There are 4 protein chains.
Amino acid sequence: MAPRDRIGGRVKDRIRQHRREVAHMDDDRGGAAAKAPRKLSREARRVQLIESTIEVMARNGYARTTLTEVARQAGLSHGLVNFHFASKEGLLAETLAYLAEEYRRNWETALARAPASPAARLDAMIRADFEPSICTPTRLSAWCSFWGEAQARPVYQENCGANDDLYNSTLEQLCREITAEGGYPVDPVLIGRGLRVMLEGAWLEMMTMSRPYEREVGLRAIHACVAAFFPKHFDADGLIG
Amino acid sequence: MAPRDRIGGRVKDRIRQHRREVAHMDDDRGGAAAKAPRKLSREARRVQLIESTIEVMARNGYARTTLTEVARQAGLSHGLVNFHFASKEGLLAETLAYLAEEYRRNWETALARAPASPAARLDAMIRADFEPSICTPTRLSAWCSFWGEAQARPVYQENCGANDDLYNSTLEQLCREITAEGGYPVDPVLIGRGLRVMLEGAWLEMMTMSRPYEREVGLRAIHACVAAFFPKHFDADGLIG
Amino acid sequence: MAPRDRIGGRVKDRIRQHRREVAHMDDDRGGAAAKAPRKLSREARRVQLIESTIEVMARNGYARTTLTEVARQAGLSHGLVNFHFASKEGLLAETLAYLAEEYRRNWETALARAPASPAARLDAMIRADFEPSICTPTRLSAWCSFWGEAQARPVYQENCGANDDLYNSTLEQLCREITAEGGYPVDPVLIGRGLRVMLEGAWLEMMTMSRPYEREVGLRAIHACVAAFFPKHFDADGLIG
Amino acid sequence: MAPRDRIGGRVKDRIRQHRREVAHMDDDRGGAAAKAPRKLSREARRVQLIESTIEVMARNGYARTTLTEVARQAGLSHGLVNFHFASKEGLLAETLAYLAEEYRRNWETALARAPASPAARLDAMIRADFEPSICTPTRLSAWCSFWGEAQARPVYQENCGANDDLYNSTLEQLCREITAEGGYPVDPVLIGRGLRVMLEGAWLEMMTMSRPYEREVGLRAIHACVAAFFPKHFDADGLIG
DNA sequence: GATGAATGAGCCTTCATTCAT
DNA sequence: GATGAATGAAGGCTCATTCAT
């Protein structure tokens, strides 16, 4: 249950590094290959490989995420992956940690920027889940791969368990505050759980659908639900006021 | 390409018979192995192998669902799998079709048995998702494996797309009727979507959690949501009346 | 040469193949399948299976001549092949023996029917090789399979060595008689060998060519050669007179 | 379908190094095995593997030419074959192309070195077929394997069709020139075909015979035939003059 | 006699990992 | 640091053979 600060810290650095180093842009596959500089800092290479892993995992699924493919996606040589991550298991674990950290920072940042009122904060958390930087088809697909793969579950617990607990208790606390504020005759724990389940389901749904699920549509469904729970604070378009 | 040509050994003749007679209980997992008779009807074997596949997929994940493991789970030889399903892909496709059919029959039966009122019918559909025969850890895990694995997605669409459409439109129609009946000022389509998303999320949550999620808890969260949507028809314990 | 997408194509074919195996009666190839009577004499069944083997070997090659395919070609069940031939090796050996016997009888019959003169008898032997009953694409292809497959060579020697020796010495003897008769200043042994080589080469050529080699064309080339050897007895159209 | 996911063993680390150091001479067949350096250039390895393939195919036949056996012959691991040729089919195709190229270069070189007269050039082409570098038992057997195996036929056409056409038209043209020169009353096309068929038959015969056919004997038979066709240019020993 | 389910050895292929350069 | 050749374990598939019915 320990939050694993050592790994977490490293990952945090990596994400920053990535943002900085992302001078090479768009293009779905091979542009990275052409532009990748000969020598990059250790950390930058690791981030590059992790991002490639996410890409490959989204495209091919967990089972067919091979080191060769990851290396090709990054425009690097085959052997380099093991050089940086020691093993495939290590690469996958760090990829998951990277995603988890990214996710946590996203909603924490959203919370930090939100107004002080509980309803506004809850709205911020909900909207955070649909933010374009997090809620891309690639990211969603990679997440689903980790969820679906039974053998990834222990790794998931290790990397995401603490984050999830924090997320859940934050969500629950907000529901409690709103319930108290509005005098709603409902169980805030149950509502918190319901919201969380709905958010997860929306992510899953966005993946499973044959046509890519629109983020807006998912968000509207959630808002409709929150509005039913907390009619004084929310309506179908989200936070009132 | 397979220019094989085996003009095979005729040795070790009686050894085998003996071995088979002796090696009965070497399987540490399934009772299935011990019970399997020498020969079975085509259909019985197929079902047996499909159930073994579900079991293995739940335990090992999609990526490590190997024919050898499936065969071992069933207490049969791996060659038999290809004999009955032509290929691994065939086995997985039929497994998914089997699960999809089972799921569809479950909620259709529930609907058929429910009272005529829209609210009662909706309640029946919701409860169907949590029925013990469907909602076992093994089943849930297998479903998640199919959802999560990118390469399974086309197969999923082929086998479950129509079923899902039917399910969704049924759910939506019930929401429409209830909304009309109760004069609720909400968009029934949005509510239908929200319910579906929530049900899926609950299934996913039951899998992802470290401790097995209680079916009752999941059901209560859904009911809380429906009660918020349709307060004249539902309360936190489900259908009123 | 074919990098191969493993999930792609192919599997579908396999499944179809499988279905066909299952569904029994949609055989597109052999009327044989449909017409096969339930019970046949031992010998008739054996011939039926041998003919099917020739057919399959011509179509698929030695390496892909499987018992399953042979049985399907014959419209019989899989297990029956082993019942009649004990092993695949036995089936192949008997098939070769069958072909060898057929070949020998063909030229012996031709010889028996030919006029007494050596030149007429040689012509009969040559023409025998191109007789429609022997010189079919299927037959030729099966022969080539046996020639080409190194592992079949001992079996070939066993079944065909004596026949070949008889054939060669007969051919040689005729060449000797014609040479003497015509007073040709050539080595009859060399000519006999040359003729035999040419006949074999013609058979091979008829197989290898992309377009099926016309029997007539092959025969004309041989006749041109014999005419060069024995100008008093043969011309480009064969035997003079 | 291959949803493999190996997150591989890290055990037995130093054992291997030792083994490799010790197990040098366990191969009883090829000198190749002992000489093979750890790493070789791409092209050198490819040629080594192709030569091994020819060896194995000659010894075992097409049907029993397995990657494992080819690798063993080369003293390498079987995985390397797919690394260099992508698939078994690729290996076989490149082997055939290699043989075809070797053959073509052999007769083209012989032609280039021959005197300018058509008869001398024809003689050069004929003798080229019996040159020791080309006409070895191993080479012959490998060629026969490709000829005999029905499934190799499309590959053969692709790799050898153009070469064969060139060879045939060259042979034909020479026959035409010699015929004109000598005023022979024969059809040169027919004679060209006859020669080609005879050359092929000789190669086949050298394989099929129980005792290895002497190259000289084959050549003499061909020469006897050419002498009969073109008595002013050839006698039983070949080119006159 | 005949059928077809069942077995298992052997094959091709993939891919994580190692290591010489 | 970086590359890519090389290894070998593991997986899917084929098919000769066996055998209960």
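Before going on, some housekeeping. This is a predicted model, in which local features need pLDDT of at least 70 and side-chain atom pairs count only at pLDDT 80 or more, while totals for chains, interfaces and linings use all residues. Residues are numbered from 1 along each chain as its sequence is written, and chains are lettered from A and ligands numbered from 1 in the order in which they are written.

Now for where C and D meet. Chain C puts in 45 residues and chain D puts in 45 residues, with two residues in contact if their C-beta atoms, placed from the backbone, lie within 7 Å. The same surface serves both copies, as 89% of the contact residues of chain C recur in chain D. On the chain C side, α10(C) gives the largest share, twelve residues. (Helices are DSSP runs of H or I, at least four residues, and strands are runs of E, at least two, numbered from the N terminus.) Sorted by class, the chain C side has 23 nonpolar, twelve polar and ten charged residues; Ala, Val, Leu, Ile, Met, Phe, Trp, Tyr, Cys and Pro count as nonpolar, Asp, Glu, Lys and Arg as charged, and the others, Gly among them, as polar.

Over to chain A, which has eleven helices and two strands. Its α10 (residues 188–208) packs on α10 (residues 188–208) of chain B at an angle of about 95°, with the axes 7 Å apart. That makes α10(A) roughly perpendicular to α10(B), a label for angles of 65 to 115 degrees. Among the residues making this contact are Met198(A), Gly201(A), Met198(B) and Gly201(B).

Met198(B) also turns up in the largest nonpolar core, of 125 residues, where Met198(A), Cys225(A), Met198(B) and Cys225(B) touch the most other members. Such a core is a set of buried Ala, Val, Leu, Ile, Met, Phe, Trp, Tyr and Cys residues joined through C-beta atoms within 7 Å, buried meaning that 20 or more other C-beta atoms lie within 10 Å of a residue's own. Beyond its neighbours within four places in sequence, Met198(B) is in contact with residues including Val197(A), Met198(A) and Ile222(B).

Note on methods. Buried ≥ 20, exposed ≤ 12 C-beta atoms within 10 Å, placed from the backbone. Axes fitted to C-alpha atoms, helices over the stretch in contact; angles between N-to-C directions. Parallel < 35°, antiparallel > 145°, perpendicular 65-115°, else oblique.
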